[in-house]
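Hi,

Here is the structure I promised to pass on to you. Have a look at it first, and my notes follow below.

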Amino acid sequence: MGLSSALDWWDKWKLRILVLCSLFVQFFLFVAADVRWSYALRRLRVIVWLAYIGGDALAVYALATLFNRQKQQITTAGGGDAALEVVWAPVLLIHLGGQPFITAYSLEDNELWKRHAITLVSQVTVALYVFCKWWSGEKRLLQAAVLLFIVGILKFAQKPWALRRASYGSITSTTYSSSSPPRRGVMGEGINYSLEEYVKEAQKHIKEGRQISDEAQLETFNKDQAFALKDIYKMFLDLAAPYSVRLHFLQSFLNLDGGNQHKVLRRCIIAQFASIYTKERSLATSLGACSFLVLPFLALASVVLFAKSDKDGYDNKDITVTYILFFGTFVMELAPYLLNALFRHPLRKLEIQAWQDMVSQHNIMSFCARNKKPPTLMKLVTFSYLRDYINKHWYIRYEPAAQQISMLVRHHAEEDGWKEYIHDAATYRRFNNLRGEHTLMKMSHHLLLLEQDKLGWTFNRPFDDIILSVSRHHRRESPP
């Protein structure tokens, strides 16, 4: 096959290949959503990122190719191949809507929701123009195309809306006044505690301790799980919670032992991840839930209408491609609806994923040894940015130490804080500002005050100043 024959083949198959590749990328993104949850597959995340970035570009390019192809072709009175290709325009809009479990790849993506809104208007305009300008098919095929346009516009519109809902500005604009803790024990709905009242009530709960059996711990916490998951994510944004909310969390966590406490923390972390990087927050609204339920049935109806439509005069290859696109669209719209209640819902991932238990650790000994004897990989890397990337990721290991750390923090807050140190509002403020003084004082009799003399000067200086001062001190004392 010569060059001219290859160019003719590419010109004929270009649009088919583009739309099928776009469909494949969307299937890959749907399946690869689990890569982001699994620490074992972390090295594959760069492939998911490339698919996330390239998916939109591929769909836009396919839509532009369809526009240019229709301008160049002379459609026949009976419809011809061009009319069937026009039906692919709404499918590309659906692809631009993305997948529900991988809406954003980074925090910056959520802040770019306005750019996605502009893309929505421009691409919907192009798709509608192509369809209205060159449509010449029969009635049932028109009905199928109209249904797909409804699915595509709704699906595409969900993306900037979901990004806006998950943006920092949208989350921080939500106040705690919209949700008060449920009535439990001494806490009443809507009560505003002062700091002194909060410390007194907290001391009562600390003295009472855990009062329920191991079997009833998670069941009791799950009764007001909706409240916990609705508000605890705001703590990740460094938003101060009212004392009534803090008291509610304190009482709830005191009823849990170390293992169950860590399970609840994992649940809150994964809920926060879902609220930022998926369509979780948008689907939680009435409009989002309705569209999530309706879209699969509209996609199924379009498949049925296309199967019953008259296909005489169309190219068999275009018919096959259209069947693949329609049926693939239906599968992708139906799959989240079914899997959401099984194991793909973020809260269900607690049972099958354990990345929340892992803590990243840098192997400094291997990193230093590399400077003395560089490995072959580092010898092959000539670009500085590649060398920095390898230094950042190559010597990172993961250890399942998150549960031990959470239990250690709880012991410090409960035993060293509430039971020994905190007695009133003043000691509560002072304990929250401690940076190791209390621990150093407790251990001073073992260290014969030596370490206290060496480290005590650091407690009255800013943290960044301490780091720089200690670093300069070690450089002066280290041998050449």
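**Two helix pairs and the annotated spans**

In this predicted model, helix α9 (residues 195-208) packs against helix α21 (residues 425-432) at an angle of about 85°, and their axes are 9 Å apart. Helices here are DSSP runs of H or I with at least four residues, and strands are runs of E with at least two, numbered from the N terminus. Axes are lines fitted to C-alpha atoms, for helices over the stretch in contact, with angles from 0 to 180 degrees between N-to-C directions. α9 and α21 are therefore roughly perpendicular (65 to 115 degrees). In α9, L195, E196, Y198 and V199 meet A425, Y428 and R429 of α21, where contact means heavy atoms within 4.5 Å.

The second pair is α4 (residues 88-96) and α6 (residues 113-134), whose axes come within 9 Å and cross at roughly 165°. That makes α4 and α6 roughly antiparallel (over 145 degrees). A89, L93 and L96 of α4 make the contact with Q123, V124 and A127 of α6.

The unreviewed UniProt entry lists several spans as "transmembrane region", among them 117-135 and 141-157; such annotations may be inferred rather than shown by experiment. Residues 117-135 are 95% helix and 0% strand, with end C-alpha atoms 27 Å apart. For residues 141-157 the figures are 100% helix, 0% strand and 24 Å between the end C-alpha atoms.

Residues are numbered from 1 along each chain as its sequence is written. Local features need pLDDT of at least 70, side-chain atom pairs count only at pLDDT 80 or more, totals for chains, interfaces and linings use all residues, and side-chain values use heavy atoms, leaving out hydrogens and water.

Best wishes

Methods. Parallel < 35°, antiparallel > 145°, perpendicular 65-115°, else oblique.
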